[in-house]
Amino acid sequence: MGLTEEEPVISISGLWMNYSDRMVLRGIDLKVYRGQIIGYIGPNGAGKSTTVKIMLGLVEGYNGTVEIFGQDISSGDVAYKRRIGYVPEVAELYDSLTAREYLTFIGELYGMERSDAAGKAEKLAALLGLDKAFDNRIVSYSKGMKQKVLLISSMLHDPDILFLDEPLSGLDANSVMVVKEIFASLAARGKTIFYSSHIMDVVEKISSRIILLSGGDIIADGSFTELKEMSREGSLEGIFNELTGFDKYLDIAGEFVAVVEGESHEG
Ligand SMILES: Nc1ncnc2c1ncn2[C@@H]1O[C@H](COP(=O)(O)OP(=O)(O)OP(=O)(O)O)[C@@H](O)[C@H]1O
């Protein structure tokens, strides 16, 4: 195995993907290295989740090459999955299980000893403030508490790459600070974080590299400072709007409000 520092942990070349007649990805090329925190952004429907699902081996039928840890994922060898963690945006957690039961189960799926998984899960849960609820059924949890369970489940087995979809959207400001620091610390230890988010000020602050997907291709790739140099805009939100060619927000908002008011007058 023995990857050197320079070898990418993720290497994508010429990635094309279509769903029936709709072409979603149009020849993506991307190399991601150890220690990078990638903010993967783009308009709704741009193909971000599709790219991540391809890397997870959940979507087939693509053209091009996807290598994780130097291994082509289409080879049939799924051993690489033991070294990755995944947090989907919306997950069906087993509501009837307690967090202890669920996390122990996930740890065992990753090949951990039952007692190791349970012990580690309990410590991580306590650090994220879930200690009192740890033996309650997940059905009683708030959105943020469920998101914390998912975050723990993705990291229990100490993966080398973490894929996350909107990982911070349900968390309160204190928890966001903790999780941002966890990501930075993991990256400093050589782990790779690859996450999608629409919350631009979070992406701006925590990503070491921002990748903007639009029209099926990568249209910007660099640090926030580098992206600022490509644009007249000072914020990532402004850069995003400019690079994706979106300048209609005032018109759309104006028309929307006019329709709302018109309908309320009629009603
Ligand atoms: N299983 C599927 N079958 C058919 N079309 C799909 C499927 N999954 C995704 N698509 C389509 O592919 C396009 C890209 O979807 P994808 O979920 O990858 O976008 P996204 O960038 O993650 O969007 P969002 O920001 O809204 O989460 C969309 O037009 C979507 O409707």
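**Figure 1. Phe69 lies in the loop between β4 (63–68) and β5 (71–72).** Helices (H or I, at least four residues) and strands (E, at least two) are DSSP runs, numbered from the N terminus. The model is predicted: local features need pLDDT of at least 70 and side-chain atom pairs count only at pLDDT 80 or more, whereas totals for chains, interfaces and linings use all residues. Residue numbers start from 1 along each chain as its sequence is written. Phe69 has a positive phi of about 50°, although it is not a glycine. Its 18 C-beta neighbours inside 10 Å make Phe69 partly exposed (buried means 20 or more other C-beta atoms within 10 Å of a residue's own, exposed 12 or fewer, and partly exposed in between, with C-beta atoms placed from the backbone).

**Figure 2. Ser20 occupies the loop between β1 (10–19) and β2 (22–32).** Phi of Ser20 is near 40°, a positive value in a residue other than glycine. Ser20 is exposed, because 4 other C-beta atoms lie within 10 Å.

**Figure 3. The residues around the ligand include a run from Asn44 to Thr50.** Tyr19, Val24 and Gly42 complete the set (a residue is near a molecule if its C-beta atom, placed from the backbone, lies within 6 Å of it). Helix α1 (residues 48–55) gives the most to this shell, with three residues.

**Figure 4. The largest nonpolar core contains 60 residues.** Such a core is a set of buried Ala, Val, Leu, Ile, Met, Phe, Trp, Tyr and Cys residues joined through C-beta atoms within 7 Å. The residues with the most contacts inside the core are Ile10, Leu103, Phe163 and Phe194. Helix α4 (residues 143–155) supplies the largest share of this core, five residues. With neighbours within four places in sequence left aside, Phe194 is in contact with Val32, Ile38, Tyr40, Ile161 and Phe163 (contact means C-beta atoms, placed from the backbone, within 7 Å).

**Figure 5. Lys191 is a buried residue with 21 C-beta neighbours inside 10 Å.** Lys191 is found in the loop between α5 (173–188) and β8 (192–196). Apart from residues up to four places away in sequence, Lys191 touches Asp160, Leu162 and Leu186. Arg34 is 157 residues from Lys191 along the chain, and the two C-alpha atoms are separated by 5.8 Å.

**Figure 6. Helix α3 (residues 114–127) has a buried face.** The 14 residues of α3 should span 20 Å at 1.5 Å a residue, and the end C-alpha atoms are 20 Å apart, which agrees (the expected span is 1.5 Å times one less than the number of residues). Ala117, Ala121 and Ala125 are the buried residues of α3. Seen down the axis, the buried residues fall within an arc of 55°, so they line one face of the helix (the arc is that of the directions from the helix axis to the C-beta atoms). Ser115, Lys123 and Ala126 are exposed on the other side of α3. Among the elements that cover the buried residues are α2 (99–109) and α4. Just after α3, Gly129 takes a positive phi of about 80°.

**Figure 7. The buried residues of α2 pack against α3 and α4.** In α2, Ala99, Tyr102, Leu103, Thr104, Ile106 and Gly107 are buried. One of these, Leu103, is also among the residues with the most contacts inside the largest nonpolar core. Gly111 follows α2 and has a positive phi, near 90°.

**Figure 8. Helix α8 (residues 236–243) has Leu236, Ile239 and Phe240 as its buried residues.** These residues cover an arc of only 100° around the axis, which puts them on the same side of α8. The buried residues of α8 pack against β3 (37–41), α6 (200–206), β9 (209–214) and α7 (224–229).

**Figure 9. Asp172 lies in the loop between β7 (161–165) and α5.** With 12 C-beta neighbours inside 10 Å, Asp172 counts as exposed. The C-alpha atoms of Asp172 and Gly144 are separated by 7.4 Å, and the two residues are 28 residues apart along the chain.

Technical notes:
Two residues are in contact if their C-beta atoms, placed from the backbone, lie within 7 Å.
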